[in-house]
Amino acid sequence: MNFSSRQQRIVIIGNGMVGHHFVEQLVNSEYNCHITVLSGESRLAYDRVYLSSYFSGKTAEDLALTDEKTYQDWGVKAVTNAWVSNIDRENQVVTTKAGGTYEYDTLILATGSYPFVPPIPGNDQEHCLVYRTIEDLEAISASASQSKVGVVVGGGLLGLEAANALKQAGLDTHVVEFAPQLMAVQLDPMGGELLKDKIEALGVQVHTQKATECIEAGESCRYRMKFADGTHLETDLVLFSAGIRPSDQLAKEFGLVTGERGGIVIDNQCRTSDHNIYAIGECALWDKKIYGLVAPGYAMARTAVANIIGTEGEFTGFDMSTKLKLMGVEVGSIGDAHARTPGALSYTYHNQPEGVYKKLVVDANKALVLGAVLIGDTSDYDTLLQYALNSIALPESPEALILPSAGEKPLLGADALGDTATICSCHNVSKGDIVGAIDSGCCSVGDVKSCTKAATGCGGCAALLKNIVDSELEKRGVEVSKAICEHFDYSRQELYHLIQVGQIHTFEELLEKHGKGLGCDICKPAAGSIFASVWNDYILAKQHQPLQDTNDTYLGNMQKDGTYSIVPRVAGGEITPDKLILLGDVAKRYNLYTKITGGQRIDLFGARVEQLPAIWEELVAGGFETGHAYAKALRTVKSCVGSTWCRYGVQDSVTMAIDLENRYKGLRAPHKIKFAVSGCTRECAEAQGKDIGVIATEKGWNLYVCGNGGMKPRHADLFATDLDDATLVKYIDRVLMFYAKTADRLQRTSVWMENLEGGLEYLKSVVIEDSLGICAELEAQMQHITDTYQCEWKTTIESPEALKRFRQFVNSNETDSNIQFVAERDQIRPATKAEKFSAGKAIPVELV
Amino acid sequence: MQAQTSLSVQWHDVCSVDDLVTNSGVCALIAGIQVAIFSVQLDGETNVYAISNWDPIGEANVLYRGIVGTLTDKIVVASPLYKEHYDLDTGKCLEREDASVSTYPVRVDKDRVFVEL
């Protein structure tokens, strides 16, 4: 036999989520084969899990998981509307109703399931529908438009999803359930009861223990549902969601072994009774069980692929624990939720006012988690699931795992997990995979995420992933502490919060309440910056002065020889001839080196510390203000000349730049902040390379955020378009204050945003949609900063106490003899070491 | 630039205690030598330290303008130029073994600050 002479022919019947996953896995394996997909539906695979989003605006295209082009690119032959009429197992040929014949070496049945419609008289009327396909959704949508009331028959997971769909379609929605409670499979009675209360509070009526006898013509509505207990309910639409049945007709017809109650029997390799035929997903029966969720179906698909390509794999059951949001209500169920295991013990926590219920089921020895039910708060789900799945030994008091505010929760240590423990079930990533990724060079959660895909599905394992990454990095000696320095066990963001909420105004108080030691050159300037962002006191006030870096202390930029440079504010880069003359005049008299900066200002270099006050006295008298070039604060708002002069400008960029600079000047932040405003799309101000970039449009302004130049340039992201002046300012207020509040020390806006979970979209939701409800506070905080602005140099030269700091020596009027200049291109520059020693060669410049 | 030329050490009356800045530094010119003087308040106790003002790594007279703090159990000043830390008790640079600065005995008598060099 020579198999290599031709490709393996693999035919898949069914292109639902599982069938598609199989194709995807097989293609990714790069196995040499020819793949044919036969789909009974008119469209290729789409996402059935999010079907209800169809009613909140998603289209069939949005739900699609693939398209013909993708399959073509993969070399997969896909045939839609292909109903299989015959499977010739002996000759290994499939025939469709349309007459197509497809030879196979391996056949995959991924035919899925169909909705179970209870045999109730009247169940076949026009507005009695099911909830499974996009066609069903179209029918529901059409019916809903002529209906006011809708009833879902079935109070399980799918039924509640369907109820959500009806509610979103605008119907007065009811759920009718035969069992005494909702989600009877996953929840205990108490959990079911609380879920019912919550769902009813959301406006969906729940009727449990109702056996429908018939559906007949109604009085106030189209239909009347009569129940066995004599009651009735009127409705215009009935939606059946009472469970699924495996689509096993083909298997039955062509002699494969099926279960008593349906389902194609498969072994651990997902093979049917025919060696050449596999069955996967909801049509398959494994160990007498049908799995009605997508995750086990995916696992079967992976198993089948593994066996076909010869890498071996087994399906040995699947954990049906689930965590989801039903109409916004958090619901979680793990393992033996009903405590049916002999000897099982339960702990329960019920907080009626807040609508939270938690049950923890443990074994008789209180050593292992067997199951759990969580309603209203699923924050403990991931931890409990890990305990359950990996048989991790429970701590002394297991109840602590579900109790709130019982002190620190015993956090599940990453080390408690074995290498085989599954961390991300969406992408099947084990702890071993994560450790491997770190071994091969990943050194942050972000790296591990992009390398392993862990936590990129539902994201539920994100906290655990971080825990593992931190722990592994720590083992390798990588410092991952969030503490800002040895004096505070807090991040900058936490310190900000402590200062603001605790109304702390001095470093001494902060240290006393939350820190230790004396502080250092890390935490002191950070705290000084936070005090400025929150309270905006004079930065050289006695209590703040020792906190500042030398640049802030002397309100200038220290240069290599200990002299300072001076940068007065030139808002928007607009300057009068008189002011230019004053700058020139001052520079000349104090013999300062002058240079134009990148931010459209003029920098005066070479001022000795004791000269600063006199220089600034002249500058302030001439109308200049401090430029904060020395501070982690707003620096400049660069602008092009705009519509006032330019032939192409569409808005007055200079006025906008000046207004913005005057609004935000003095705002201290985790790092420097630069703006630019361009008057048209030609972008001469290079606004897209700035923290805040504003570009004029015909209709207003486009706002860009979080760009920067420097060591690692980053293009700013378009944040909002065609804004009017007021909205532009409002958004900038919010972005900047949110940054000041939440960024790490010395973190530019670009890195800050990239580290925000959810990135740009999250920032938009916070700033534009006010998703955190903090915008009013952010604006008020910014208004406070603007209202309390003072020119620090003006305040300083008016304060004899502050001026005492501007002395080189406390006991002498001498100058620092080490500061020496030589001439170069008609200006001064610091003398080199050699020049200082051989003063004869260089031309010393006389000190003023 | 400095040259230590004095042959015999003596106590110099430098300045008033009011000239010092709590948890920060000032600079004095004593017999041609620039001396950085720090007043450090820790656990309710005030200590005064005197070290050379010359930053041997940045090569400028700037140490008095650094931020004062603690690193583990040491009281230090961070150079404002490149942020190396100098132990105020010993003058040793914590980051570089080959760098250190001179330290000088200092005492406060009534309202005056005296430095010995």
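These legends walk through several close-up views of a predicted model. Local features are drawn where pLDDT is at least 70 and side-chain atom pairs count only at pLDDT 80 or more, while totals for chains, interfaces and linings use all residues; side-chain values use heavy atoms, leaving out hydrogens and water. Residues are numbered from 1 along each chain as its sequence is written, and chains are lettered from A and ligands numbered from 1 in the order in which they are written.

**View 1. A parallel open sheet in chain A.** Five strands line up in the order E9-E16-E10-E11-E12 (chain A), with parallel pairing. Strands here are DSSP runs of E with at least two residues, helices are runs of H or I with at least four, and both are numbered from the N terminus; two strands pair if DSSP finds at least two bridges between them. At the edges sit E9 (128–130) and E12 (205–207) of chain A, each pairing on one side only. From one strand to the next, the twist averages 25°. Look for the 3 bridges that join E11 (residues 172–176) of chain A to E12(A); Val175(A) has Val206(A) as its bridge partner in E12(A). Helix H5 (residues 157–168) of chain A lies across E10 (149–153), E11 and E16 (237–240) of chain A, and runs at about 170° to E10(A). Such angles run from 0 to 180 degrees between N-to-C directions, with axes fitted to C-alpha atoms, for helices over the stretch in contact.

**View 2. The largest nonpolar core.** This core has 62 residues, and those with the most contacts inside it are Phe675(A), Leu703(A), Phe719(A), Ile732(A) and Leu763(A). Helix H20 (residues 725–742) of chain A gives the most to this core, with 9 residues. A nonpolar core is a set of buried Ala, Val, Leu, Ile, Met, Phe, Trp, Tyr and Cys residues joined through side-chain atoms within 4.5 Å. Buried means under 20% relative accessible area, exposed over 50%, and partly exposed in between, using a 1.4 Å probe and protein chains only. Leaving aside residues up to four places away in sequence, Phe675(A) touches several others, including Leu634(A), Tyr664(A), Ile732(A) and Leu736(A); contact means heavy atoms within 4.5 Å.

**View 3. Helix H19 of chain A and its cover.** H19 (residues 653–664) has 12 residues and reaches 16 Å from its first C-alpha to its last, close to the 16 Å expected at 1.5 Å a residue; that expected span is 1.5 Å times one less than the number of residues. The helix is mostly covered, with 9 of its 12 residues buried, among them Met656(A), Glu661(A) and Arg663(A). The cover includes strands E32 (634–639), E33 (673–678) and E34 (692–696) of chain A. Just after H19(A), Gly666(A) takes a positive phi of about 90°.

**View 4. Helix H22 of chain A.** In H22 (residues 759–767), the buried residues include Gly759(A), Leu763(A) and Val767(A). Among the elements covering the buried residues of H22(A) are strand E36 (717–723) and helix H21 (749–755) of chain A.

View 5. Strands E37 (residues 821–824) and E38 (residues 827–830) of chain A run antiparallel, joined by 4 bridges. Phe821(A) has Pro830(A) as its bridge partner in E38(A). With 2 residues between the strands of this hairpin, Arg825(A) takes a positive phi near 45°. Elsewhere, Gly584(A) is found in helix H17 (residues 577–589) of chain A and is partly exposed, with a relative accessible area of 36%.
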